[in-house]
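Hi everyone, thanks for making time.

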Amino acid sequence: MQTVTLIPGDGIGPEITDSVIQILKAAGAQIEWEIQTAGSDVIETEGTPLPERVIESIKKNKVALKAPVTTPIGKGFRSVNVQLRKSLDLYANLRPCKNIAGIKTKFENVDLVIVRENTEDLYAGIERQIDEDTAESIKIITRKASLRIAEFAFEYALKNNRKTVHAVSKANICKLTDGLFLNCSREISQKYPQIEYKEILVDNLCMQLVQKPEQFDVLVLPNLYGDIVSDLCAGLIGGLGIAQGANIGLNAAVFEPVHGSAPDIKGQNKANPTALLLSAIEMLKYINQKDIAQKIENALFKTLKEGRFLTADLGGSATTLEYTKQIISNL
Ligand code: NAI
C-alpha cells in the first residue's frame, strides 16, 4: 500500500477527482489517499490557498495527484501551481501528447512529448508598476535550471526510445535569456550523440505544429513557451480534456492534468476526467503499480474507442458519472 497526497482542487477539480478515485479503487490500486485541500475554498479558513500542510504532505509521501486549482487573475494570491512547483523544486513539467483511437482530430500520428522548465522565466513573478501607465515583468533564465531541464529532456529521450530533441526558444530576440537556454541545451546535447539535436524558434514551431506535427518528438522549452505550446499540442490530440501532465523533481513528483479548473462548467457533471485519469495512470507507473496502470489504460482506451459514452468536449453527451461508470465496467 502506498500513501499518496491527493489535492482535489476547486472548480471541476472535485468532480473529476471523484471519478478518478472510483476508477482506481475499482481497478484495485494499492493506494491510501492523504487528502489535502487547497485553492480558493481554503483561503477564508486558512488565509492562504496553499497551506504549509500541503507541501509537508507531499514532501513526506514524495508523490501527489493533483486536480486543478483556480488562480484569480490580476491582484491577489500567487498561483498555487507556481508556488507548489517552486517550493518542491519540481523543475520538469512533462506533457506527453499522443493521438488516442476514437478521438477524431484534424491531425494524425501526433506522438510528441513536451518538457517544460517549471521554476523560472516570467513565472518568477518579479513584476512592478513603474508608473500608472507602465508595468514591468522580469524574465529570469539561469544556467543551472537550463542545464538540468535539457538533461532531463535528453535522459527522457534516451530511456523512452525517442530519436530527436528540439530546443525551442526566441533567441533571435531574447538574445541573453533565450540565448543562455539554447547554449545550455547545446552543451547537454553533446553528451547524447545517439539523440539528434535540433533547434527551432517558438513562432516557427507553432506554425509547423499545426501543419506537420508528426515531425516532432521531444520538445524542451523555457517555462512560458512550454505553457503555451502544451495547450496548442493538447488541441492537436482532441483538447484539454485528455491532456495529461506531471511535475517532476529530484525528491517529489506531482501528477496533474494540463487543464485548469474550468469554472464555466463547474458542478454540471459534464467535465471530462480523462486528463486526470491519464495523469493518475502515469503516477501508478511511477510508483511501480504497472499492471493496474495497464488495466485502467486498456479500459479507458476501450471506452474512448467505443465512442458511446463520450463527454461533451469530445463531441458526446455522456455525463462525468456515466463516462466513469462505463470505464469501470470495461475494467
Ligand atoms: P481551463 O483549462 O480551466 O479551461 C479552458 C476551456 O477548456 C474551458 O472552456 C473549459 O470548460 C474547458 N475544459 C478544461 N478542462 C476540461 C475538462 N476536463 N473537461 C471538459 N472541458 C474542459 O482554462 P482557464 O479557463 O484559462 O483557467 C481557469 C482557471 O484554472 C484559472 O484560474 C487558471 O489559473 C487555472 N488553471 C489551473 C491549472 C492547474 O491547476 N494546474 C492549469 C491551468 C489553469
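I'll go from the domains to the cores, then through some strands, a few rings, a loop residue and a helix.

Before anything else, please keep in mind that this is a predicted model.

Now the inside. The largest nonpolar core has 82 residues, and Leu24 and Leu284 are the ones with the most contacts inside it. Helix α5, residues 143-159, gives this core its largest share, eight residues. And the core takes at least three residues from each of domain 1 and domain 2.

Next, the strands. I'd start with β5, residues 111-117, and its partners. On one side of the story is β4, residues 92-98, which is antiparallel to β5 and joined to it by seven bridges. If you want to find that pairing on the screen, look for Lys98, whose bridge partner in β5 is Asp111. Then there's β10, which pairs with β5 in the parallel sense over four bridges. Here you can look for Ile114, standing opposite Leu219 in β10, and for Arg116, standing opposite Leu221 in β10. Why do I call β5 largely enclosed by the rest of the structure? Because six of its seven residues are buried.

β10 itself covers residues 218-221. It has another parallel partner in β8, residues 164-169, with three bridges joining them.

On to the rings. How many aromatic pairs does a search of the whole structure find? Four. Take Phe154 and Tyr192: that pair is stacked, at 5.2 Å centre to centre with 20° between the planes. Phe154 is in helix α5, while Tyr192 is in the loop between α6 (177-189) and β9 (196-201), so to speak a link between distant parts of the chain, 38 residues apart. Phe154 is buried, with a relative accessible area of 0%, and Tyr192 is buried too, at 4%.

Phe154 also pairs with Tyr197: the ring centres are 6.2 Å apart and the planes are at 40°, so this pair counts as tilted. Since Phe154 lies in helix α5 and Tyr197 in strand β9, the pair ties together parts that are 43 residues apart in sequence. Put together, Phe154, Tyr192 and Tyr197 make one aromatic cluster.

Now a loop residue: Gln244, found in the loop between α8 (223-237) and β11 (246-248). Buried or exposed, what would you guess for Gln244? Its relative accessibility is 11%, and the cut-off for buried is under 20%, so Gln244 counts as buried. Leaving aside neighbours within four places in sequence, its contacts include Leu94, Arg95, Pro96, Glu256, Pro257 and Val258. Ala275, Leu278, Ser279 and Glu282 are among the contacts of Gln244 as well.

Last stop, helix α11, residues 320-330. Its buried residues are Thr320, Tyr323, Thr324, Gln326, Ile327 and Asn330. Seen down the axis of α11, they fall within an arc of 160°, so they line one face of the helix. The face turned away from that buried side carries the exposed residues Leu321, Lys325 and Ser329. And what covers the buried residues of α11? The cover includes α1 (13-27), α9 (274-286) and α10 (290-306).

Terms used. Residues numbered from 1 in each chain as written. Predicted model: local features only at pLDDT ≥ 70, side-chain atom pairs only at ≥ 80, totals over all residues. Heavy atoms only, no water. Buried < 20%, exposed > 50% of the residue type's maximum accessible area, 1.4 Å probe, protein only. Helix = DSSP H or I, 4+ residues; strand = E, 2+ residues; numbered from the N terminus. Arc of directions from axis to C-beta. Contact = heavy atoms within 4.5 Å. Core = buried A, V, L, I, M, F, W, Y, C linked by side-chain atoms within 4.5 Å. Domains from an automatic or database assignment. Pairing = 2+ DSSP bridges. Phe/Tyr/Trp six-rings, centres within 6.5 Å; stacked < 30°, edge-to-face > 60°.
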